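Work through the two exercises below with the model open. Each one asks you to describe a pocket by its volume, its lining and its contributing elements.

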Amino acid sequence: MSISGDGPGLSKAKQRLGRYLAAAATAILLYAIVYQWALGYFTDETTTFLQALHVVVETFTTTGYGEQAGLWEETPPLLALSIAMQLTGVVTVFLALPLFLVPLVEDALRTDPPTSSSLTDHVIICTYTPRGDALVDELESMDVPYVIVEGDRDLAEELYAEDYTVIHGDPESVEVLEDANASEALSIVTDDDDETNASIILAAKQAAPDCRVVSLIEDPHVADYHRYAGADAVVSPRRLLGESLAGKATTSVSTELGDAVEIGEDFEVAELLVQRGSPVEGKPIAESGIANLTGANVIGAWFSGEFVSPPAPDAVIDEHTILLVVGREKQLEKLRELTLSSARRFRRGAILIAGYGEVGSTAAETLASSGVPHVVIDLEDKPGVDIVGDVTDPQTLIEAGVKEARGVLVALNDDTTAVFATLVSERVSEETEVIARANETESIAKLYRAGADYVLALSTVAGRMLASTVLDEEVIAPQSQIELVRTHADKLVGKTLAEADVRAKTNCTIIAVKRDGNLLTEIGPDFRIGRKDELIVAGIDQDIYRFNEQFG
């Protein structure tokens, strides 16, 4: 299918312009006839129709009042006719004309998005959302082609202008999916509301019966219906997000590592929150004694929501720092002890859950299964809610016991409200840890500045879950703020880690290497990378993309 340069909207604009020009021409001709008659009737002068037409055009365009304007001064009917022509001209030329020309100019300047794609071995994303944007980042970081099928023309044009690979068309249409070359795709991702996704699944299976279809769902109860429609995999990021936040809230008062990621036997990567009053709080990394006391390595750190890898030796660890550490399980357990505050560790209060949607209810289930006491706060009175109230109201938090609580888990669906709830919680009880959920990645930094101790974005979790489902290369721990991937780096073969200088060039860290079935964790500057080595790389999304772009 070729790209059309004349859509339905443009045809209507041309039709309106045609009707306008016809009406304007008719008005000019009528005025010319009336003027020719009036001049002969009210004066002794005569004029040809062409001269009369010339006078009318001059009057309409305000370039003059006609060569015969002197004849009007003593003739009131002709003056009245002149006034009528001038007003009609102003309305016709200067007010009405732009209303018809501007849409045509805009359409002429508009760059239409394509309506088909010739990509192969690509991922088709139906449609564009912040979750899909996170998936795009993952795909680009691994050099996997993609195309977004977007039914909203304006949004498709905006994406196309921003250099996204996008086609305009209805993702529920079999023909549109065929135009996206679905039969040659690696997979098709449905990322709309749950009902629309079911329709897209059916269309996808008709357009490309053998193509893998991955569906992203809001409500976990619809998973079976999507599988029945033909989805090969169903992803529920809200449940994983709720479980992850609950796990982080639990480990914030425990020496257990909780959600550490096992890279190999007895070798793990973990994110550790530093609490106020802990032994390492307020110390530079070089003087914290982490390496000497525990043997673990700090490969990165979040400082007020900004990730740094590797952190500078003189970087000061504060109460909101999150350390990305790697080491043996016993080493990380010792380091965990150094990040905890004794005052917080022995708190007996419950964990407050603010918001009882899918994320909040999943967090509550997770805490209940672990035997952790919790109190649920929500605006609506429904089963499972302990306190009905507004979490942005200090009195509601005080009533829920925030001053004695182990922590506050902010699971609200609106980022602006989540930021304000975090500010209120920090104001009422600074000692209570805040674990927050964000919908958009842009809100993460705001939540950290508001006082949150740990933030995880739904769009990031969804994007990584989708990536780990549709790609062969494994994305480890999609619920982490840090991306961990297993990958090959052909351009590093034969180089030592010192020669490669990966950290300086990409901010990523090679934390381990899998060679001949064995996981090598003791890798120093002189370690040389082999052709078949599989690298375990840690970094944030854009840094992983930079790593694959330079070395993949």
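Helices here are DSSP runs of H or I with at least four residues, numbered from the N terminus. The model is predicted.

**Exercise 1.** Characterise the largest pocket: find its volume, its lining and the element that gives the largest share.

*Solution.* 
1. Start with the space. The largest pocket holds about 570 Å³.
2. Count the lining. There are 25 residues, and Asp137, Thr441, Thr460, Asp541 and Gln542 lie nearest the centre.
3. Two or more residues come from each of helix 4 (130-141), helix 16 (443-450), strand 17 (454-457), helix 17 (458-470) and helix 20 (541-551).
4. Pick the main contributor. Helix 4 provides the largest share, five residues.
5. Sort by class. The lining has 12 nonpolar, seven charged and six polar residues.

**Exercise 2.** Repeat the analysis for the second largest pocket: what is its volume, and which element gives the most to its lining?

*Solution.* 
1. Take the volume. It is about 490 Å³ for the second largest pocket.
2. Count the lining. The total is 22 residues, with Arg503, Thr509, Ile510, Ile511 and Ile523 nearest the centre.
3. Strand 9 (297-303), strand 11 (322-327), helix 18 (497-500), helix 19 (502-506) and strand 20 (509-515) supply at least two residues each.
4. Name the top contributor. Strand 20 gives the most, three residues.
5. Sort by class. This lining divides into 11 nonpolar, seven polar and four charged residues.

Note on methods:
Residues numbered from 1 in each chain as written. Predicted model: local features only at pLDDT ≥ 70, side-chain atom pairs only at ≥ 80, totals over all residues. Heavy atoms only, no water. 1 Å grid on protein atoms, 1.4 Å probe; cavity = no way out; pocket = protein on both sides within 12 Å on 5 of 7 lines; lining within 4 Å. Points joined across faces, edges and corners; volume = space filled by probe spheres on them. Nonpolar A, V, L, I, M, F, W, Y, C, P; charged D, E, K, R; others polar.
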